[in-house]
Amino acid sequence: MLIQPRLMRDDEREATLELVMRAFDEAVRPGYTDEGAEEFARSARSFLLESLANHVTHVAEASGQIVGMVDMRDGSHICLFFVDSSRRAQGVGRALLDAAIASACATTPGLRAITVNAAPSAVAAYQRLGFVAVESEQERHGIRYVPMSKPLEAST
């Protein structure tokens with residue numbers, strides 16, 4: 001089934017946050033301290049519920065359910081990127097990333113790279129999407145992450 005990513009609608013904010021927190025609890029939470037999990041939840045709520053002007057969120061929907069999402073800050077940094085466990089390895093993440101990059105390139109001519117602070121458990125997935133680690137693992141406010149970057153082809 002082909003899933004076409006699109007911009008998140010205001011009425012989908014809660015459902016998108018529910019997907020993020022469910023996927024976080026399944027895949028990322030085991031490697032975080034309580035402080036890190038609380039900081040992540042606070043940040044995710046802020047990014048998705050407060051309509052922040054410098055954030056753009058794309059979602060993927062199937063059968064009326066949000067099954068994937070990517071939130072990008074300032075047109076070049078991925079803040080949140082999650083796919084429902086039942087939809088992983090089906091191209092949903094790649095389609096979301098492609099949509100987010102296309103949107104970022106359209107609004108930021110000459111964009112050279114997309115960055116992300118990847119959870120250690122997500123590094124391999126980001127590598128499959130063309131990201132490379134640019135620094136070693138770090139921790140801030142209990143959140144462990146690996147700074148990564150995906151170079152983009154220069155556009156004319």
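Student: Which element gives the largest share of the lining of the second largest pocket?
Tutor: A pocket is an open set of points on a 1 Å grid over the protein atoms alone, where a 1.4 Å probe fits, with protein on both sides within 12 Å along at least five of seven lines. Lining residues have an atom within 4 Å of a point. Helices (H or I, at least four residues) and strands (E, at least two) are DSSP runs, numbered from the N terminus. The largest share of this lining, four residues, comes from α1.

Student: What kind of model is this?
Tutor: Residues are numbered from 1 along each chain as its sequence is written, and side-chain values use heavy atoms, without hydrogens and water. Local features need pLDDT of at least 70, side-chain atom pairs count only at pLDDT 80 or more, and totals for chains, interfaces and linings use all residues, as this model is predicted.

Student: How much space lies in the second largest pocket?
Tutor: Its lining has 14 residues, with Ala15, Gly64, Gln65, Ile66 and Val67 nearest the centre. A volume is the space filled by probe spheres set on the points, which are joined across faces, edges and corners. Here that space is about 190 Å³.

Student: How many charged residues are in that lining?
Tutor: Ala, Val, Leu, Ile, Met, Phe, Trp, Tyr, Cys and Pro count as nonpolar, Asp, Glu, Lys and Arg as charged, and the others, Gly among them, as polar. The lining of the second largest pocket has four nonpolar and three polar residues. Its charged residues number seven.

Student: Which element gives the most to the lining of the largest pocket?
Tutor: The largest pocket has a volume of about 1,100 Å³. Of its 40 lining residues, those closest to the centre are Phe81, Phe82, Ala119, Ala122 and Tyr126. By class, the lining has 24 nonpolar, eight polar and eight charged residues. With seven residues, the top contributor is β4.

Student: Is Asp84 buried or exposed?
Tutor: Asp84 sits in the loop between β4 and α3. Buried means under 20% relative accessible area, exposed over 50%, and partly exposed in between (1.4 Å probe, protein chains only). Asp84 has a relative accessible area of 14%, so it is buried.

Student: Which side chain makes a polar contact of 2.5 Å with that of Asp84?
Tutor: A polar contact is a pair of N or O atoms within 3.5 Å; within protein, one must be able to donate a hydrogen and the other to accept it, and residues adjacent in sequence count only if both atoms are side-chain atoms. The 2.5 Å partner of Asp84 is Ser86.

Student: How many bridges join β5 to β8?
Tutor: Two strands pair if DSSP finds at least two bridges between them. β5 and β8 run antiparallel, and Ala118 has Val146 as its bridge partner in β8. The number of bridges joining β5 to β8 is six.

Student: What is the bridge partner of Gln138 in β8?
Tutor: Strand β7 (residues 138–140) runs antiparallel to β8, with three bridges joining them. In their hairpin, which has two residues between the strands, His141 takes a positive phi near 55°. In β8, Gln138 is partnered by Tyr145.

Student: What is the phi of Ser63?
Tutor: Most residues other than glycine have a negative phi. Ser63 has a positive one. It is found in the loop between β2 (55–62) and β3 (65–73). The phi of Ser63 is near 50°.
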